[in-house]
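Good morning, colleagues. Please look at the sequence and the structure as they come up on the screen.

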Amino acid sequence: MQKEFLGRGWAFPFHFNAATGAVAFSEYEENIRQNISIIIGTRKGERQMLPEFGCRIHELLFAPANQSTAQQAARYVREAITSWEPRVEVAKVDSHFDPSGAIQINIAYRILSTGAVEHLSQIVSSQ
């Protein structure tokens, strides 16, 4: 199956391909997965030329570790992905606090052009 339409970009985190010495790239579903991680990991205002890019989940850094905060985190993640990753439709976002106090985010999304459902888990912490 041809997948070029899903996209290609620099790998995240940025690194060089050990075999060629060139910049490493991610492609297709992996590129989408990495872009979602970048969106969640970027604080709004962090990118000077694109200040609205990112996710508001970082505003919850000192919020109480309760169900209300977890629901708000899930909402922020859904809003950010919907705004910044046009190749997917968010099916479900669940979040809860893990024992370290970090927020565990579980995302199910559908790639619009293929209909494939993918899952991503990410931990967002103060570190």
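I shall speak about the salt bridges here.

This is a predicted model, in which local features need pLDDT of at least 70, side-chain atom pairs count only at pLDDT 80 or more, and totals for chains, interfaces and linings use all residues. Residues are numbered from 1 along each chain as its sequence is written, and side-chain values use heavy atoms, with hydrogens and water left out.

By a salt bridge I mean a side-chain nitrogen of Lys or Arg within 4 Å of a carboxyl oxygen of Asp or Glu. Counted by this rule, there are eight salt bridges.

Let me begin with Glu-118 and Arg-33, whose closest N and O atoms are 3.1 Å apart in their salt bridge. This pair links distant parts of the chain, 85 residues apart: Glu-118 lies in strand 5 (residues 117-124) and Arg-33 in helix 1 (residues 28-41). Helices (H or I, at least four residues) and strands (E, at least two) are DSSP runs, numbered from the N terminus. A network of salt bridges joins Glu-30, Arg-33 and Glu-118.

For accessibility, buried means under 20% relative accessible area, exposed over 50%, and partly exposed in between, with a 1.4 Å probe and protein chains only. Glu-118 is buried at 19%, whereas Arg-33, at 22%, is partly exposed.

Next, Arg-87 pairs with Glu-85 in a salt bridge, the closest N and O atoms being 2.8 Å apart. Glu-85 is buried, with a relative accessibility of 2%.

Finally, Asp-94 and Lys-92 form a salt bridge with their closest N and O atoms 3.7 Å apart. Asp-94 is partly exposed at 36%, and Lys-92 is partly exposed at 46%.
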